[in-house]
Amino acid sequence: MTTIHQDDLIQSVQEALQFISYYHPLDFIQAIGRAWEKEQSPAARDALAQILMNSRMSAEGHRPVCQDTGMVVAFVEVGMDVRWRSELSLEEMINEGVRRAYTDPDNTLRASMVNPPWGQRKNAGDNTPAIVHTRIVPGNKIKIGLAAKGGGSENKARFTVLNPSDSLVDWVLDTVPGMGAGWCPPGILGLGIGGSSEKAMLLAKEALMEPVNIQELMEKGPDTPLEELRLELYEKVNALGIGAQGLGGLTTVVDVQIKDYPTHAASLPVALIPNCAATRHIEFTLVGSGPAEFTPPALSDYPDVHWQPGADAIHVDLDTITPEQVAAWKPGDRLLLSGRMLTGRDAAHRHIQELLDKGQPLPEGVDFHNRFIYYVGPVDPVDGEVVGPAGPTTATRMDKFTEMMLGQLGLLGMIGKAERGPQAVESIRRHKAAYLMAVGGAAYLVSRAIRKARAVAFEDLGMEAIHEFEVENMPVMVAVDSKGESVHSSGPAEWRIKISEIGKMQ
């Protein structure tokens, strides 16, 4: 009979979440390294280089790989012969570990959980509660899998119930392009097939915990229909040409993992959930001998990639920027931004809209005329940092506010990640503005360009407050120019054709 002590479980959860905040799974980062080596698209290759360098910097500095440090998902297997020495329930112990991990003063992680989920949506402040899935199994140990799941990828989860005679492959290939690039490809696709609706979703989430091993599978060949399906989807999804950050390229996914379960004869439930470039997960086992121990990966095993801005990058002074300069930019141009910008995301935009609807002025010091806004919710700073990791959030969530910001407030441009929807692109074209893209999954790298930061409005919103950043040589790319031309439309279309031509030559 094994006895599990409360403090051992809490400490293990705390240390595991800290560990995965700055250490990518080695198999994943090596897969990104292989993608970088073979990538032929200059834009995608540059994005992959930023992700790889950011990963190494985070590992060395023990700071988060992404500003979205995720909601915690726990898969717990409890042995039937385990005894507990605890005053707390299992979920309470896990949540205490989450609380301690996310408020650790040496590496504070961003709290993203809000309650209630509708209406006021007040931030919990410590990222609790976790999403806990528990199984009772034979044995005398506790096995826990933890994932820190970012909102950008979680929001792209998809579910359907196909007819048993429908093509599952066709559904996936129709679905992935519609997910856009907000999940920060390249990443992993988790597919859940069968069971009931909720079971399929859980299978897809569990599949993302599996190791990246598609290359080994390709080398040995498939032994089961499920392995054949993995290989088929891996090849065909990459043939879509979506590429890193949705810019077009050879690699959209580094693996496809699938779990299935028996289902009703009339049904074929299918769930699809992606993991992003900030893939974070870990498993550990408790056997009553103390807290789990975690061995850091050797940095010598990381891909040796050192990103530098290209010689063709255009230096931009945000303090003197003019509409004429913006009009000269072309899709795909690489820019290095210096000067002052404002920040804001969902909650700040909603507050701005409420003020305008009431005819009230914006807070003192908030003037968007001829300025740029950065869609970001940064991590709190530690050890003298100006700001913590501060990568972009998904820009499409701000699409419904774009006309207000450009038309009513005179905003000149926006910075975020992923594509913009048709409504936002048309507004950008109409107002001759621009949308710039920073690399999702390179938050620590981006934060090094921020020289000063101060909150200027809505401080009660925490990480969603409006800040003013002063930056120096912040790397971005023109994603939508003043004519409404988008790299997220042209890039994948171009590379879909190129990949098809490469396949014909092989």
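**Cores, strands and a helix crossing**

In this predicted model, the largest nonpolar core holds 104 residues, and Leu146, Phe368 and Ile466 touch the most other members. Helix α3, residues 42-61, supplies the largest share of this core, with 10 residues. Another core lies apart from it and has 27 residues, including Trp183, Leu217, Leu240 and Ile258.

Leaving aside residues up to four places away in sequence, Leu146 touches Val13, Ala16, Leu17 and Ile20, then Val72, Val73 and Ala74, then Met209, and finally Arg280, His281, Ile282 and Phe284. The strand to look at here is β7, which spans residues 142-149 and is mostly covered, with seven of its eight residues buried. Strand β2, residues 71-79, pairs with β7 in the antiparallel sense over eight bridges. Within that pairing, Val76 has Ile144 of β7 as its bridge partner. Strand β12, residues 281-286, also runs antiparallel to β7, and six bridges join them. Here Ala147 stands opposite His281 of β12. His281 is also among the residues that Leu146 touches.

Strand β14, residues 334-343, is antiparallel to β19, and the pairing extends over eight bridges. Leu337 finds its bridge partner in Met474 of β19. Strand β18, residues 450-457, pairs with β19 over six bridges, again in the antiparallel sense. Strand β17, residues 434-437, is joined to β19 by three bridges and runs antiparallel to it. Tyr435 has Val480 as its bridge partner in β19. In a regular strand the side chains alternate between the two faces of the sheet.

Arg371 sits in the loop between α11, residues 346-357, and β15, residues 372-374. Is Arg371 buried or exposed? Arg371 counts as buried because its relative accessible area is 16%, and the cut-off for buried is under 20%. Residues up to four places away in sequence aside, Arg371 touches Arg340, Met341, Leu342, Gly410, Leu411, Leu412, Gly413 and Glu468. Leu411 is 40 residues from Arg371 along the chain, yet their C-alpha atoms are separated by 5.4 Å.

The last stop is a pair of helices. Helix α6, residues 168-178, and helix α9, residues 225-238, have axes that come within 11 Å and cross at roughly 30 degrees. The crossing is right-handed. On the α6 side the contact is made by Leu168, Val169, Val172, Leu173 and Val176, and on the α9 side by Leu229, Glu232, Leu233, Lys236 and Val237. What classes of residue make up this contact of α6 with α9? Eight are nonpolar, two are charged and no polar residue takes part.

Note on methods: Residues are numbered from 1 along each chain as its sequence is written. This is a predicted model: local features need pLDDT of at least 70, side-chain atom pairs count only at pLDDT 80 or more; totals for chains, interfaces and linings use all residues. Side-chain values use heavy atoms; hydrogens and water are left out. A nonpolar core is a set of buried Ala, Val, Leu, Ile, Met, Phe, Trp, Tyr and Cys residues joined through side-chain atoms within 4.5 Å. Buried means under 20% relative accessible area, exposed over 50%, partly exposed in between (1.4 Å probe, protein chains only). Helices (H or I, at least four residues) and strands (E, at least two) are DSSP runs, numbered from the N terminus. Contact means heavy atoms within 4.5 Å. Axes are lines fitted to C-alpha atoms, for helices over the stretch in contact, and angles run from 0 to 180 degrees between N-to-C directions. A crossing is left-handed if the near helix is turned anticlockwise from the far one by less than a right angle, and right-handed if clockwise. Ala, Val, Leu, Ile, Met, Phe, Trp, Tyr, Cys and Pro count as nonpolar, Asp, Glu, Lys and Arg as charged, and the others, Gly among them, as polar. Two strands pair if DSSP finds at least two bridges between them.
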